[in-house]
Amino acid sequence: MIFAKHAKLPQGWARDVRITVAEGRIAQVETAQSPRPDDTRVDTLLPALANLHSHSFQRAMAGMTETRMAGKDSFWTWRDLMYRFTAHLTPTHIEAIAAFVFLEMQEAGYASVGEFHYLHHQPDGTPYDDLGELSARIAAAAAQTGIGLTHLPVLYTYGGAGQVPLQPGQARFGNGVDRFNALVERAQHAVGNLPNDCRVGIAPHSLRATAPAELADVIQAHPDVPTHIHIAEQPKEVADVSDWLGARPVEWLLANAEVKERWCLIHATHMTEAETNALARSGAVAGLCPVTEANLGDGPFNGPGYLAAGGRFGIGSDSNVLISLTEEMRTLEYSQRLRDLARNVMVAGEGSVGEALYTGAARGGAQALGRGRGEIAVGEWADLTAIDSQDPALCALRPDQLLDGLAFAAKDRVVTDLWSAGRHVVSGGRHRQRDEIVAGYRRAMAELMALL
């Protein structure tokens with residue numbers, strides 16, 4: 001059992017809370033309790049966030065793309081460098097990198113991850129003997145770390161809008177519908193060996209990397225699973241899709257697919273007011289990756305309009321250039337302030353911005369990954385984060401100000417403990433397998449650097 005001096009429950013802050021966990025789920029929530037000798041005692045307990053969008057392998061190239069090239073650097077020049085990097089990754093590298101990334105996520109306060117996985121084949125595009133070899137490596141990394149995994153194999157058929165053929169750098173990603181469906185089956189087998197909170201969804205990469213008929217076929221073949229798609233990250237993407245399909249990406253998708261609660265639209269960055277309102281009404285989640293979106297120069301999300309329309313959102317670390325839950329929250333809010341020349345933007349009406357950011361991301365992330373409601377409540381997965389309210393960044397704050405402090409004043413070091421579906425994997429701020437996982441990552445990086 002877990003005893004917390006303070007806990008953020010759906011009805012508000014509570015004192016002296018005991019949580020009973022059974023089979024990975026919260027079985028009982030009691031308030032006004034006294035600690036018992038066998039309790040795991042923590043200071044302040046929060047529902048843990050889901051990291052709803054990750055490309056784990058890109059963590060290994062963090063810091064390698066921050067040198068200005070001749071001409072104007074952009075998302076597209078970064079993408080070319082990323083493609084060249086992927087050519088050197090072996091299955092062993094991919095597993096070691098993913099394990100390290102998942103560890104960093106858990107130490108930052110994320111209990112689960114949506115791994116948007118598009119590295120499927122050998123560098124020349126030849127499938128491995130086991131079509132799901134690299135999905136199995138991601139599953140192995142999840143098993144080692146104990147993170148809650150929603151694995152999202154990616155359908156990536158074309159190199160650009162209008163069914164442009166794949167480029168050589170995209171060969172590892174490519175599948176038609178039939179092979180993709182077979183890949184999903186192999187991924188389900190691999191993830192089936194993990195705890196029962198882990199699952200497989202699907203991820204049509206983007207409208208530019210698939211085509212309408214194929215998108216429809218894949219959606220029909222995999223009903224009622226988490227469905228994630230890159231949607232409107234860059235103005236060029238919006239223009240290319242508009243020229244091809246006669247409508248902007250969000251506009252086209254909402255008109256041509258049954259977008260509802262199981263959907264997550266990643267980087268819904270460039271939307272009109274009408275698209276913003278329509279996405280909010282759909283019940284889908286806007287998947288926001290503020291640190292990566294800033295790093296790649298994507299532009300800010302239309303936060304105020306989306307929240308006013310009742311939209312749901314979650315956050316992800318995407319390229320994993322920096323894995324930090326606190327930085328994602330503050331970057332999301334600060335992007336809005338810089339654009340609007342205003343303060344305290346990401347809250348509907350009045351109230352705490354930190355609470356709106358944190359609880360909104362908890363609920364939206366859990367929805368996007370198929371992990372329930374993102375609350376500390378009976379029946380929910382025991383995805384829990386403990387923070388130290390006596391850390392210097394937080395010690396002057398009342399309980400009702402702690403989420404503001406977490407979002408704007410603290411670093412991830414305030415996280416003391418983390419449970420992923422009841423698995424107590426972070427204690428005292430350290431993952432229990434840290435030394436082993438970091439050593440494996442360093443070995444993999446030494447091999448990889450020798451190839452670059």
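Predicted model: local features only at pLDDT ≥ 70, side-chain atom pairs only at ≥ 80, totals over all residues.
Local features need pLDDT of at least 70 and side-chain atom pairs count only at pLDDT 80 or more, while totals for chains, interfaces and linings use all residues, and side-chain values use heavy atoms, with hydrogens and water left out.

**Stop one: K8 and E355.** Select these two side chains and you will find a salt bridge, 3.3 Å from N to O. The term covers a side-chain nitrogen of Lys or Arg within 4 Å of a carboxyl oxygen of Asp or Glu. K8 sits in strand β1 (residues 2-9) and E355 in helix α12 (residues 353-369), so this pair ties together parts 347 residues apart in sequence. Helices (H or I, at least four residues) and strands (E, at least two) are DSSP runs, numbered from the N terminus. K8 is buried at 8% relative accessible area, whereas E355 is partly exposed at 28%. Here buried means under 20%, exposed over 50%, and partly exposed in between (1.4 Å probe, protein chains only).

**Stop two: R363 and E375.** Next, select R363 and E375, a salt bridge whose closest N and O atoms are 3.6 Å apart. R363 belongs to helix α12 and E375 to the loop between α12 and β14 (384-387), 12 residues apart. R363 is partly exposed at 42%, but E375 is buried at 18%.

**Stop three: R373 and E380.** This salt bridge spans 3.0 Å, N to O.

**Last stop.** Select D197, R371, D383 and R423 together: salt bridges with shared partners join them into one network. The count of salt bridges comes to 23.

Conventions:
Residues numbered from 1 in each chain as written.
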